[in-house]
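Take a walk through this model, stop by stop. Keep the viewer open and follow along.

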Amino acid sequence: MIEQIREKARELLESGELDVVIGYAEGSDPTRTTPIFCRKPEDTDKLVLDGRCVNTLPAYLNKRHEYPKKGWKKTGIIGKGCDIRAITQLIAENQLKRDEVYIFGAECEGVVAHPEKWDGSLHEGNCASKCSACDVKIPLDTDFYPGEKPEVDRSGPYMVSAPALATLVKMDDEDRFAFWRDDFDRCFKCYACREVCPHCSCNICITDRTMPSWVDQAAHTKGVFGWHLTRAMHLVGRCTGCGECTRACPVNIQVDLFNQKMKEVIQESFDYKSGYSMEVKPPLITYNTDDQETYIR
Amino acid sequence: MSKGIVRHDFEPKIMGFVCKWCTYSGADLAGTSRMDYSPHVRMVRLPCSGRIDPQFVIKAFEQGADGVIISGCHPGDCHYNEGNYYARRRNLAFRNLMEFNGIDIKRLEFSWISAAEAIKFTQIIDKFTNQVRDLGPNEGYRALLDPYASRLVKSSEESAA
Ligand code: SF4
Ligand code: SF4
Ligand code: SF4
């Protein structure tokens with residue numbers, strides 16, 4: 001699988017059709033892979049693709065990063081199904097044009113929840129929870145796919161994959177507030193959850209703006225509540241569920257529980273699944289005159 | 001037509017974010033018609049309900065509000081044609097988010113009040129004030145207000161006591 005991708009990537013870099021191929025290479029220790037930007041054809045020999053490739057590379061395609069501004073005409077990118085979903089969403093949000101990227105896809109067997117759980121293979125005990133409910137193991141939109149791409153039915157609803165969500169929604173408000181208060185007490189605002197997200201598109205995040213200061217910058221619980229509510233609100237209807245925010249959090253806060261909950265709400269209210277169409281507008285930038293308004297007096 | 005004075009143990013602080021074309025004018029009408037309504041709402045006038053960023057609500061709760069009311073023109077009546085349609089979607093999502101965060105959603109009110117609906121305005125304000133008063137102070141957020149209080153070194157008198 002990866003051999004075919006390597007070969008194709010080398011060929012396209014040699015012919016000059018692609019300026020760069022973003023993929024994964026062996027990392028600093030055997031449990032990790034690291035993102036690699038292949039600029040020369042021989043770099044493609046370093047490419048790997050297996051259960052350790054957790055990073056969501058399309059984050060690099062977001063305009064907030066330097067890379068889209070480097071003047072590269074066409075960027076190749078290797079994606080798992082969920083990454084390609086993120087690319088689709090980026091295109092729907094005008095962060096990217098379809099002809100600016102060349103997508104290498106492959107069938108995905110799942111990835112590990114966190115590199116530290118990698119023990120040489122992928123199994124139930126260490127597989128990321130998002131993979132259990134995945135309907136894009138065969139990726140949606142690819143330019144290069146090794147072999148024949150089978151048709152898959154993806155019409156089903158969005159599936160919540162985090163087990164913690166079910167227990168949380170059953171709690172009453174006070175317990176839920178206490179749960180978040182205890183969890184958020186650990187957050188020290190490193191903003192890793194923002195940096196890894198392919199859909200946090202702002203050049204200057206609202207939490208970094210101090211005039212006026214909408215989100216309290218201090219990492220005390222009040223500021224952290226403000227931060228997480230803000231972040232979750234900004235990603236409503238846009239998060240494609242890669243789970244990177246939770247994986248990147250150094251203090252194990254399940255940041256994406258908010259996002260998963262909102263995905264469910266958006267699916268129920270507006271019948272929208274982010275990352276499945278380049279044309280359909282994300283739900284909060286459009287409206288229907290007969291939208292639900294049961295909560296309004 | 002005085003309602004008489006009733007004293008309560010707890011008087012809630014309520015923030016109102018309202019559209020200037022409808023609700024604010026409705027409130028104006030209530031005022032010029034000398035209607036009685038609860039004085040707990042501090043109103044902020046904005047050009048449109050579509051301008052009401054959920055960030056305002058988060059900030060209001062952070063600053064010690066016990067309840068927040070958002071109000072704008074009825075669907076189809078928006079001065080800018082479509083602002084309230086966006087507001088409707090956004091607030092649906094936001095309410096779910098607040099609820100998931102553990103905020104009692106009864107503290108957050110959304111209503112359509114037109115410039116002519118002074119009576120509806122007073123009714124909604126009264127009803128919401130009572131509702132929030134029954135809920136009591138927003139303890140969860142109030143406990144966050146002074147995050148370092150619990151970590152302060154106690155004064156000698158306090159620790160002796
Ligand atoms: S919010 Fe988290 S799960 Fe959603 S796209 Fe961003 S990083 Fe991925
Ligand atoms: S949290 Fe909001 S403001 Fe900050 S980068 Fe993400 S989308 Fe932008
Ligand atoms: S990654 Fe974790 S610690 Fe860092 S800002 Fe996000 S939630 Fe807080």
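This is a predicted model: local features need pLDDT of at least 70, side-chain atom pairs count only at pLDDT 80 or more; totals for chains, interfaces and linings use all residues.

Sorted by class, the shell around ligand 2 has 5 nonpolar, 1 polar and 2 charged residues. Its members are A:Arg194, A:Cys200, A:Cys202, A:Cys205, A:Ile206, A:Trp227, A:Arg231 and A:His234.

Now move to ligand 1. Here 13 residues form the surroundings. The closest are A:Cys197, A:Cys239, A:Cys242, A:Gly243 and A:Cys245. By class, the shell around ligand 1 divides into 6 nonpolar, 5 polar and 2 charged residues.

Stay in chain A for one lysine. A:Lys273 sits in the segment after helix H9, which spans residues 256-270. Is A:Lys273 buried or exposed? Its relative accessibility is 18%, so A:Lys273 counts as buried. The cut-off for buried is under 20%. What does A:Lys273 touch, leaving out residues up to four places away in sequence? The contacts are A:Asp135, A:Arg154, A:Ser155, A:Gly156, A:Pro157, A:Tyr158 and A:Gln267. A:Tyr145 is 128 residues from A:Lys273 along the chain, and 24 Å separates their C-alpha atoms.

Next, chain B and its sheet. The sheet is open and has 4 strands, in the order S2-S1-S3-S4, with parallel pairing. Strand S2 (41-46) and strand S4 (108-112) of chain B are the edges, and each pairs on one side only. From one strand to the next, the twist averages 20°.

Look at one pairing inside the sheet. Strand S1 of chain B (residues 14-19) runs parallel to strand S3 of chain B (residues 67-72), and 5 bridges join them. Within this pairing, B:Val18 stands opposite B:Ser71 in S3(B). Helices pack on the sheet too. Helix H1 of chain B, residues 23-32, touches S1, S2 and S3 of chain B. The direction of H1 makes about 110° with that of S1(B). Helix H4 of chain B, residues 118-135, also packs on the sheet and touches S1, S2, S3 and S4 of chain B. The direction of H4 makes about 160° with that of S3(B).

Now the cysteines. How many disulfides does the structure hold over all chains? The count is 1. The disulfide joins B:Cys22 to B:Cys73, with an S to S distance of 2.3 Å. The link of B:Cys22 and B:Cys73 is right-handed, with 105° about the S-S bond. This pair links distant parts of the chain, 51 residues apart. B:Cys22 lies in the loop between S1 and H1 of chain B. B:Cys73 lies in the loop between S3 and helix H3 (83-100) of chain B.

Are the two partners buried or exposed? B:Cys22 counts as buried because its relative accessibility is 8%. B:Cys73 is at 2%, so B:Cys73 counts as buried as well.

One more cysteine of chain B deserves a look. A disulfide needs sulfur atoms within 2.5 Å. B:Cys78 counts as buried, at 8% relative accessibility. In chain A, by contrast, A:Cys190 is at 36% and so counts as partly exposed.

Conventions: Residues are numbered from 1 along each chain as its sequence is written. Chains are lettered from A and ligands numbered from 1 in the order in which they are written. Side-chain values use heavy atoms; hydrogens and water are left out. A residue is near a molecule or strand if one of its heavy atoms lies within 4 Å of it. Ala, Val, Leu, Ile, Met, Phe, Trp, Tyr, Cys and Pro count as nonpolar, Asp, Glu, Lys and Arg as charged, and the others, Gly among them, as polar. Two strands pair if DSSP finds at least two bridges between them. Helices (H or I, at least four residues) and strands (E, at least two) are DSSP runs, numbered from the N terminus. Axes are lines fitted to C-alpha atoms, for helices over the stretch in contact, and angles run from 0 to 180 degrees between N-to-C directions. Contact means heavy atoms within 4.5 Å. Buried means under 20% relative accessible area, exposed over 50%, partly exposed in between (1.4 Å probe, protein chains only).
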